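Good morning, and thank you for coming. Please look at the sequence and the structure on the screen as I go through them.

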Amino acid sequence: MTSLVVGAVVAGIEGVALLVYAGYIVVQVARLGITGPEEVSSPIAVTLEIVIFATLGGALTLAARGLWRARRWARSMLVVGQFLALVVGVPLATAQGGIER
């Protein structure tokens with residue numbers, strides 16, 4: 001397998017995971033309602049969260065398809081997506097109490 005195929009598969013998995021998570025949030029809100037602290041659990045905040053995860057998931061899935069077809073534009077989309085994941089993920093993972101050991 002070439003590195004493009006491996007990258008496309010990994011990006012596709014990431015994109016689908018984000019889309020599934022957006023769907024999970026929709027189901028949880030439908031089942032349980034909006035729960036959590038009042039400052040961050042408003043209908044606008046939950047809607048924005050769903051839109052962000054669905055948009056990023058769709059963009060990563062689209063870029064994975066482009067990379068699978070060896071399109072040049074897909075590489076830059078995937079690099080930006082990985083930088084976004086890095087910028088958000090590292091602070092979350094290294095925050096005090098972020099990951100219980």
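Ala59 lies in helix 2; helices here are DSSP runs of H or I with at least four residues, numbered from the N terminus.

A word on the source. This is a predicted model, in which local features need pLDDT of at least 70 and side-chain atom pairs count only at pLDDT 80 or more, while totals for chains, interfaces and linings use all residues. Residues are numbered from 1 along each chain as its sequence is written, and side-chain values use heavy atoms, with hydrogens and water left out.

I turn now to helix 1. Helix 1 covers residues 3–32, and its 30 residues should span 44 Å at 1.5 Å a residue, the expected span being 1.5 Å times one less than the number of residues. The end C-alpha atoms are 43 Å apart, which agrees. Its buried residues are Ala8, Ala11, Gly12, Gly15, Ala22, Ile25 and Gln28, and they pack against helix 2 (43–68) and helix 3 (72–94). Just after helix 1, Gly33 has a positive phi of about 80°.

Next, the interior. In soluble globular proteins, nonpolar side chains tend to be buried together. A nonpolar core is a set of buried Ala, Val, Leu, Ile, Met, Phe, Trp, Tyr and Cys residues joined through side-chain atoms within 4.5 Å. The largest one here has eight residues: Ala8, Ala11, Leu60, Ala63, Ala64, Leu67, Ala74 and Leu78. Helix 1, helix 2 and helix 3 each supply at least two residues of this core, and helix 2 gives the most, with four. Leaving aside neighbours within four places in sequence, Leu78 is in contact (heavy atoms within 4.5 Å) with Ala11, Leu60, Ala63, Ala64 and Leu67.

Finally, Pro43. Pro43 is found in helix 2 and is exposed, with a relative accessible area of 56%. The C-alpha atoms of Pro43 and Leu60, 17 residues apart along the chain, are separated by 26 Å.

Terms used
Buried means under 20% relative accessible area, exposed over 50%, partly exposed in between (1.4 Å probe, protein chains only).
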